[in-house]
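Please keep the model open as you read.

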Amino acid sequence: MSQKLDTVNKLMKATTEYHLGLLKAKLAKYRAQLLEPSKSAGPKGEGFDVMKSGDARVALIGFPSVGKSTFLSLMTSTASEAASYEFTTLTCIPGVIEYKGANIQLLDLPGIIEGAAQGKGRGRQVIAVARTSDVVIMMLDATKGDVQRTLLEKELESVGIRLNRTKPNIYFKPKKGGGLSYNSTVPLTHCSEKLVQLILHEYKIFNAEVLFREDSTPDEFIDVIVGNRVYMPCLYVYNKVDQISIEEVDRLARRPHSVVISCGMKLNLDYLLETLWEYLALICIYTKKRGERPDFNDAIIMRRGASVEHVCHRIHRTLASQFKYALVWGTSTKYSPQRVGLTHIMEHEDVIQIVKK
């Protein structure tokens, strides 16, 4: 009797998960249709997007009156209007943080309100600019608890921005014929072949190759099908910590991807800059001419994982074709100087001397 009950329970659970997955696919499809801007041209307003400049771009988002404009004024030489009333900032205000030789573009975006994804309070433009950034700083009011964080995550999630998550390891390729080819390299607990097939049918896809390399959920599979999702690091910055208890400050500071600051008292801003540098994954590389000392005043700013070839392209587009070898001093080498080729991966504060043919 107990075996029969277990079997029934398992079947019910599998059926429920299967129907939930199907409903999620339908919801994602209808939500995408709802969020598409209307074709009719509305009245022309003030330009919103800002030209990308510097070595990296950081978007500053949050609810009105959490201290975004004060933060921008403290970190950059740009003065953004700050006041005690909401919606002081009505357009995108750019500033530049100069840190470790890098120019980091910081965008002070207008306050997001609930329903921003549907276009309330210029929400669509704010979120569109956030999608083009390298890192999102989510400015939160420490006195408001977790309400703001939950609402903002929900708004960004609904428009395809995935915070502090990596792209699902799923190979997906639509084909012209041959039906569905379904495989997995790991045991799957969330998706079955039938569920995958029905989700694809919901998107009018009947011929495709699907390979799961990790145990992904139906939501993650839908993200792969849609293909316009943005995966980006996010730093949760809790402002106004001088107005809460030390126990609450300790609790917030220990949360993952979180930093506590006070713009009013200028507390912990240096640690925030250090953390932001880590999240941007930038490295400084110094150049050296033969027989001369390295130039430590003018660093080349690259992304972590950049090779000698990337450095050559940054210096001059023809340098890689004339490259013979390079001498590198620093933590990326076994000994200094080490003779390396184009594929050598550089590390932070390495010194490079390029020898041409």
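Two strands count as paired if DSSP finds at least two bridges between them. With that in mind, in this predicted model the bridge partner of Tyr-171 is Leu-211, found in β8.

The open sheet has 3 strands in the order β6-β8-β7, with mixed pairing. Because β6 (170–174) and β7 (180–184) stand at the edges with a single partner strand each, one side of each is left without a neighbour in the sheet. From one strand to the next, the twist averages 5°. Helix α5 packs on this sheet and touches β6, β7 and β8, while helix α6 touches β6 and β8.

**The six-stranded sheet**

Another open sheet holds 6 strands, ordered β2-β3-β1-β4-β10-β11, and its pairing is mixed. Its edge strands are β2 (93–99) and β11 (258–260), each pairing on one side only. Here the twist averages 25° from one strand to the next. β2 pairs with β3 (residues 102–108) in the antiparallel sense over 7 bridges; within β3, Gln-105 is the bridge partner of Val-96. Helix α4 lies across β1, β4, β10 and β11, and helix α7 lies across β10 and β11.

**Helix directions**

| Helix | Residues | Angle to strand |
|---|---|---|
| α4 | residues 147–158 | about 145° to β4 |
| α5 | residues 193–202 | about 135° with β7 |
| α6 | residues 218–226 | about 45° with β6 |
| α7 | residues 246–253 | about 150° to β11 |

Key: Residues numbered from 1 in each chain as written. Predicted model: local features only at pLDDT ≥ 70, side-chain atom pairs only at ≥ 80, totals over all residues. Heavy atoms only, no water. Helix = DSSP H or I, 4+ residues; strand = E, 2+ residues; numbered from the N terminus. Axes fitted to C-alpha atoms, helices over the stretch in contact; angles between N-to-C directions. Contact = heavy atoms within 4.5 Å.
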